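Thanks for coming, everyone. I'll walk through one model today, from the pair of chains down to single residues. Please bring it up on the screen.

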Number of protein chains: 2
Amino acid sequence: MTARYADTLRNMRAMTPFIGPETLERRRGRRFRYRLGANESNFGMSPKALAALEAEAERSYWYCDSEHWEVRSRLAALLGVKLENIVVGEGIDGVLGVIVRAFTDPGDVIVTSHGAYPTFNYHVLGYGGRLEFVPYRRDCRNDVEALAERARATGAKLLYLANPDNPTGTFLGHDAIGHLLERMPDGCLLILDEAYAEFAPASDLPPMDAEDPRLIRLRTFSKAHGMAGLRIGYGIAPAEMIDAFNRLRLHFGVGRLSQVAAAASLDDPEFAASVVADVAHGRAEYEALGVELGIPTLPSMTNFVPFEFRDGAESDRMLALLDERDVFVRKPGVTPIDRFVRVTVGTASERAGFAEIFRDSVGVLRG
Amino acid sequence: MTARYADTLRNMRAMTPFIGPETLERRRGRRFRYRLGANESNFGMSPKALAALEAEAERSYWYCDSEHWEVRSRLAALLGVKLENIVVGEGIDGVLGVIVRAFTDPGDVIVTSHGAYPTFNYHVLGYGGRLEFVPYRRDCRNDVEALAERARATGAKLLYLANPDNPTGTFLGHDAIGHLLERMPDGCLLILDEAYAEFAPASDLPPMDAEDPRLIRLRTFSKAHGMAGLRIGYGIAPAEMIDAFNRLRLHFGVGRLSQVAAAASLDDPEFAASVVADVAHGRAEYEALGVELGIPTLPSMTNFVPFEFRDGAESDRMLALLDERDVFVRKPGVTPIDRFVRVTVGTASERAGFAEIFRDSVGVLRG
């Protein structure tokens, strides 16, 4: 590179966190029939949110409210926290970028499970951080003891944990999270990515204590609220940290329609609840399909189910078979969890279509 | 701050680039009647773009295309550049953030006109850069000689120039930009913010040479295309730089509806052209109003007109008078250009309403 790039960029290797389905479609020269690889919520958004979005659509010539007041005030009331405890950004991805930036000096150590969220790793590398990977346990749960131990051993500044987890779908109750917080070293901050929180039992989530200086929690409208394409997510953290994030975040980065739709969706909790119920039903269908075909599944508290194959080579073959049949799914990138194929819970008709193709593909796989 | 923040953040003073009109409305306890302060395009977006957005709205549960292919392929054809020369982001603000990050090590010098774009300055300070401010010329044009001279004297890495300029509205033809490029020191990169390019004569914009290693150009759908709330803008730069930006940018940060609407707007160039014509008409009305009231105006090649008052104190009084009358406008923050009040060219009825209030306010101002 000839230009005078910043040191961090100069020392960085190229990385793309995810290849999107549209990119794959261009490479394939053919559209997917079933889009079940990005854990999008194919149940769509609340009709009330859609109506609010449509009513505001022609006002798209106005910038957003840079303080996200309508969304933050509703969230504060719902979560029992203060407005000053909430930062809104361009999905969890956007908020994660600000958080990593706020805490990472080049060379700082950051701990995460091996095979967890690539976009988090992308941010860490992009700010010059050093990732320390901890393997998942044999049952594919996050290993809180080992994560805390690694954080202590390395003097980690940040520890990232998705709960419910992506890509495994597994869930740790509030006791386990509390234990992790106690075992983490002083000065280490837990970034708890709760993108799938709505799909877990509310009573088993950690209690909301926004001023806990050890913890940042992340939530999104991309999953249960069905708004991945609108790019709006949020973080809950001590007011002092939110103030720090406000010095870095893109103040007008979220879309106006996203704000309106998110606020309307919060006013219609029955919709997200119905999605959660539909997804639970769909997960049970996927699990039954796994039983039928002799393909184990992981118990999931998310909107996807990981199907377990023998090893990474076999799951690669399954991915190829599904791709030939116009089904988009993904799998984790690292051993040993790369033996799983992760399938989003789609609508009833998508699940039926997928089941037929999956049966056929498993038949081919077994020759 | 007790948390272990990154050094750059720890050394930074708080700064908010802009206070949005919604924030002001909450402070005032009253809505504005005329929103003419953020250079939003109150003419709205192309009806074809709106129809495309509405048709895609229920698909908001899908993430965007992380490669922005529909938008970039159209832009490449329109601009006569390659796909690899275009980066798309969350408005020019988002792209500027990536650019500043890509080039700025703490302490690096970055040159800009004094009173130019606050959000650019916000990014520079946020990445630890050191801003060097060059005064505007007496005629309120950017002083290209002085900018180049300051860049040479300080070994600047980046030089930011908005053309047509914000907040002055003034415009430099391609000869002046070419002269600046020649006078800049080796290794200094010109960030040419052309958010208002559509409002300038196309023949007087610099010729498109995307592989010029001295230059990054920025454009947006927020102004002539009327999509400020959809947050989509782009940069044109050498492919090698775009590749670098792809290692840093938020890959799924732009909304799906924004992509669809932007592509549709590019397919309907007559609409943006009609906005440009309407705005030219509106600027002439504002200028005539200035003549009528004895308030000089700056010649503008944008969608706003700066009205000139005696000094910053008088323009502050005018801002207060307009605020009392429910008109939202803004003024530059620094002397000597803080004597101007910058008024967005609104629709015909907004202009008529503004003219009436402005006449009244000038009357009050003069006692």
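In chain B, the residue that comes closest to the rotation axis is E54(B), with its C-alpha at 3.4 Å. What does that axis do? It superposes chain B on chain A by a rotation of 180 degrees, with 0.0 Å of shift along the axis and an RMSD of 0.0 Å. That is the relation of a two-fold axis. Both copies use the same surface: 100% of the contact residues of chain B recur in chain A.

A word on confidence. This is a predicted model. The scores are ipTM 0.97 and pTM 0.97. Chain A has a mean pLDDT of 97, and 99% of its residues reach 70 or more.

Now the contact between the chains. How many residues does each chain bring? Chain B gives 74 residues and chain A gives 74 residues. On the chain B side, the helices that each supply at least two residues are α1 (7-10), α2 (21-28), α3 (47-56), α5 (91-103), α9 (239-246) and α10 (256-266). Which of them gives the most? That is α5(B), with seven residues. By class, this side of chain B has 33 nonpolar, 21 polar and 20 charged residues.

Next, look inside a single chain. Across the boundary, 29 residues of domain 1 of chain A are in contact with 29 residues of domain 2 of chain A. On the domain 1 side, α11 (269-293) and β9 (304-308) of chain A each supply at least two residues. The largest share, five residues, comes from α11(A). That side of domain 1 has 19 nonpolar, eight polar and two charged residues.

On to the core. The largest nonpolar core has 234 residues. Those with the most contacts inside it are L159(A), I191(A), A261(A), L159(B), I191(B) and A261(B). Take I191(B). Leaving aside neighbours within four places in sequence, I191(B) is in contact with I99(B), L158(B), L159(B), Y160(B), I216(B) and L218(B).

Now some backbone details in chain B. Where are the cis peptide bonds I want to show you? One runs from N166(B) to P167(B), with omega near 15 degrees. P167(B) lies in the loop between β5 (158-162) and α8 (174-183) of chain B. Another joins T335(B) and P336(B), with omega about 0 degrees. P336(B) is in the loop between β10 (327-328) and β11 (340-344) of chain B.

Then two positive phi values. H68(B) is not a glycine, yet its phi is near 50 degrees. H68(B) is in the loop between α3 and α4 (69-79) of chain B. Buried or exposed? H68(B) has 24 other C-beta atoms within 10 Å, so it counts as buried. D326(B) is not a glycine either, and its positive phi is about 65 degrees. D326(B) lies in the loop between α12 (312-324) and β10 of chain B. With 16 other C-beta atoms within 10 Å, D326(B) is partly exposed.

Last stop: E356(B), in helix α13 (residues 348-365) of chain B. Why does E356(B) count as exposed? Because there are 11 C-beta neighbours inside 10 Å. E356(B) and L289(B) are 67 residues apart along the chain, and their C-alpha atoms are separated by 9.9 Å.

Conventions
Residues are numbered from 1 along each chain as its sequence is written. Chains are lettered from A and ligands numbered from 1 in the order in which they are written. This is a predicted model: local features need pLDDT of at least 70, side-chain atom pairs count only at pLDDT 80 or more; totals for chains, interfaces and linings use all residues. Copies are superposed by least squares on the C-alpha atoms of residues with pLDDT of at least 70 in both. Two residues are in contact if their C-beta atoms, placed from the backbone, lie within 7 Å. pLDDT is the predictor's confidence in each residue, from 0 to 100. A nonpolar core is a set of buried Ala, Val, Leu, Ile, Met, Phe, Trp, Tyr and Cys residues joined through C-beta atoms within 7 Å. A residue is buried if 20 or more other C-beta atoms lie within 10 Å of its own, exposed if 12 or fewer, and partly exposed in between; C-beta atoms are placed from the backbone. Helices (H or I, at least four residues) and strands (E, at least two) are DSSP runs, numbered from the N terminus. Ala, Val, Leu, Ile, Met, Phe, Trp, Tyr, Cys and Pro count as nonpolar, Asp, Glu, Lys and Arg as charged, and the others, Gly among them, as polar.
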